[in-house]
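This report describes the arrangement of a two-chain model, from single elements to the contact between chains. Please read it alongside the sequence and coordinates shown here.

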Amino acid sequence: MRSGRRSTTAQAEDALVQVFREEAGRLTARLVRIIGNFDVAEEIVQDTLLVALEKWPKDGIPDRPAAWLATAAKRRAIDHLRRDARFRQKLELLKQELTTPESEEPDDRLRLIFTCCHPALSREAQVALTLRAVAGFTTPEIARAFLTTESAIAQRIVRARRKIVEAGIPYRVPEGQDLDERVQEVLAVLYLMFNEGYLASTGKPVRRDLAEDAEWLAGLVVRLLPAEPEAIGLLVLMRLHLARADARLDAAGDLVLLRDQDRSRWKRDLIAGAIGLLEQAGAMRRPGPYQLQAAIAACHAEAASWEATDWPQILLLYDALVRLLPTPVVRLNRAVALRHVQGAAEALAEVDALAGELAGYHLFHATRAELLIELGAAEKSRAASARALELTTNPAERAVLERRLAELDA
Amino acid sequence: MKYVLMFTGSQDDPSPSPEVYGRIMEWFQTNGSKIVGGEELQGTSTATTVRFKDGKPVVTDGPFIETKEVISGYAEVEVADLDEAIALAKGWPGQGAVEIRPTIHHGPS
């Protein structure tokens, strides 16, 4: 998570990121439309971005960055198409196109997003492709975000692009019944992206932050599909997390539990704005899992203190969420709310009922450990904490569990 | 684009009930304009595999992979894109799964 004071270089990088975010997807969308080949268009844009990344930090960002990128991409595209007989007919079209000002072009990015998040691509490919083609990430940036190698990401992208062309994945916005299903697919991709960035965040500044880019992408989807309340729900959920992100880590970079967070560090204006947006989604009267999760996050974000949390309301929202999304993890979270409404014994009974499904999930054991302590079963609690510790490698979560074990010993 | 839809059935499953069979026939009729070929296959007990070992053909009994899911039939379809092929597969009344593969177009384009 980026925070704190930013240096001049960092400010210049922010400006660069903003241009890439806004222009890369537009340019890719235009090129795919002109050339009619996703594989070629995406590669040309990525190459163009790499040239800009080399030149701009030295020469400064051009006055009209969109036009600069379009001209550079056009030059590359013409070179490319000359070499490939399949595209001869496209050459003339290309020479005429990409000269009209961007502002007169329709925003084609929605088609691009639906293609990148097509269910015939693996989830990993969807994520990598969306980051590159829509949000203007470079391959090394994606590799860094997912702690993997550049060649692994490059291979994933090349394979996905080929599949789009060879399997005939269409470049269009789905219609009718399909639209709803495909929107869900897009939102799932963005939510995974966000969680990857949010949970893995170390507080170290990086040029591009996955969680912030996922939030930006969700905002773009909302702008392009304003009548989708679930897209708004996801955007609000992300914003409510980001508004409280600074309080999540202490000075040493350790995870601070919600109960112990310094709520004065929460960004109240952002929280209020997000909740206003959620109310607009609610007025569309098409509830869904993202809106409900956002509403739960809103209950926490609005509470002046941990003690002031409206648990009965949160439990009601979880009841609704369990009906729509009866996964064991959602039921586990509901049990936590239940503890604050009906007590630890009732909550433990609910949690224990999930033992079969969640035996390998560290938060199942961590939740049990907390309930057992409250019920005075110190030994059982210790065993549960130890089991949770065995099951997680996330350093921030490990630190919390280790602290709890140390407190038991004290 | 041309795709082949490969339908799978379970190895142990008896052939579809007359009711399912009726719906499969209906599927072929409804989508007739897009279907350019296809057959139902006999069970894997009738399969013979010719495998090339060091370039030499060796004839063996059975399908090329022993699995629970076996190909029970296929349809060749001519549609605009993958989404249309997926829509056809989603309407398939049979059990199991449908694998969709584009074919490679040889010859002048």
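This is a predicted model: local features need pLDDT of at least 70, side-chain atom pairs count only at pLDDT 80 or more; totals for chains, interfaces and linings use all residues.

H18(A) is followed by Gly376(A), a residue with a positive phi near 80 degrees.

Helix H18 of chain A covers residues 362-374. Its 13 residues, at 1.5 Å a residue, should span 18 Å, and the end C-alpha atoms are 19 Å apart, so the two values agree. Much of the discussion of this helix concerns burial. Its buried residues are Phe364(A), His365(A), Ala366(A), Thr367(A), Arg368(A), Ala369(A), Glu370(A), Leu371(A) and Leu372(A). The list thus includes the charged residues Arg368(A) and Glu370(A).

Two domains are assigned in chain A: domain 1 comprises 1-100 + 107-171, and domain 2 comprises 327-410. A distance of 44 Å separates the C-alpha centres of domain 1 and domain 2 of chain A.

Nonpolar side chains tend to be buried together in soluble globular proteins. In this model, the largest nonpolar core holds 116 residues, and the members that touch the most others are Leu190(A), Ala218(A) and Leu240(A). Helix H11 of chain A (residues 229-243) supplies the largest share of this core, ten residues. Domain 1 and domain 2 of chain A each contribute at least three residues to the core. Where residues up to four places away in sequence are not counted, Leu190(A) touches Ala214(A), Leu217(A), Ala218(A) and Leu234(A).

## Exposed loop residues

| Residue | Loop | Other C-beta atoms within 10 Å |
|---|---|---|
| Leu147(A) | between H7 (139-145) and H8 (150-166) of chain A | 8 |
| Arg285(A) | between H12 (268-282) and H13 (289-302) of chain A | 7 |
| Gln42(B) | between S2 (35-40) and S3 (48-53) of chain B | 11 |

Leu147(A) has a phi near 50 degrees, which is a positive value in a residue other than glycine. For Arg285(A), also a residue other than glycine, phi is positive and near 55 degrees.

What is the order of elements in chain B from the N terminus on? The elements run β-α-β-β-β-β-α-β, with two helices and six strands in total. The C-alpha trace of chain B spans about 45 × 45 × 15 Å along its principal axes. Of the 109 residues in chain B, 12% are buried. Among contacts in chain B with a separation of 6 or more, 78% join residues 24 or more positions apart. Gln42(B) and Gly96(B) are 54 residues apart along the chain, and 16 Å separates their C-alpha atoms.

The contact between the chains takes seven residues from chain A and five residues from chain B. On the side of chain B that touches chain A, three residues are nonpolar, two are charged and none is polar.

Note on methods: Residues are numbered from 1 along each chain as its sequence is written. Chains are lettered from A and ligands numbered from 1 in the order in which they are written. Two residues are in contact if their C-beta atoms, placed from the backbone, lie within 7 Å. Domain bounds come from an automatic or database domain assignment. Helices (H or I, at least four residues) and strands (E, at least two) are DSSP runs, numbered from the N terminus. A residue is buried if 20 or more other C-beta atoms lie within 10 Å of its own, exposed if 12 or fewer, and partly exposed in between; C-beta atoms are placed from the backbone. A nonpolar core is a set of buried Ala, Val, Leu, Ile, Met, Phe, Trp, Tyr and Cys residues joined through C-beta atoms within 7 Å. The expected span of a helix is 1.5 Å times one less than its number of residues.
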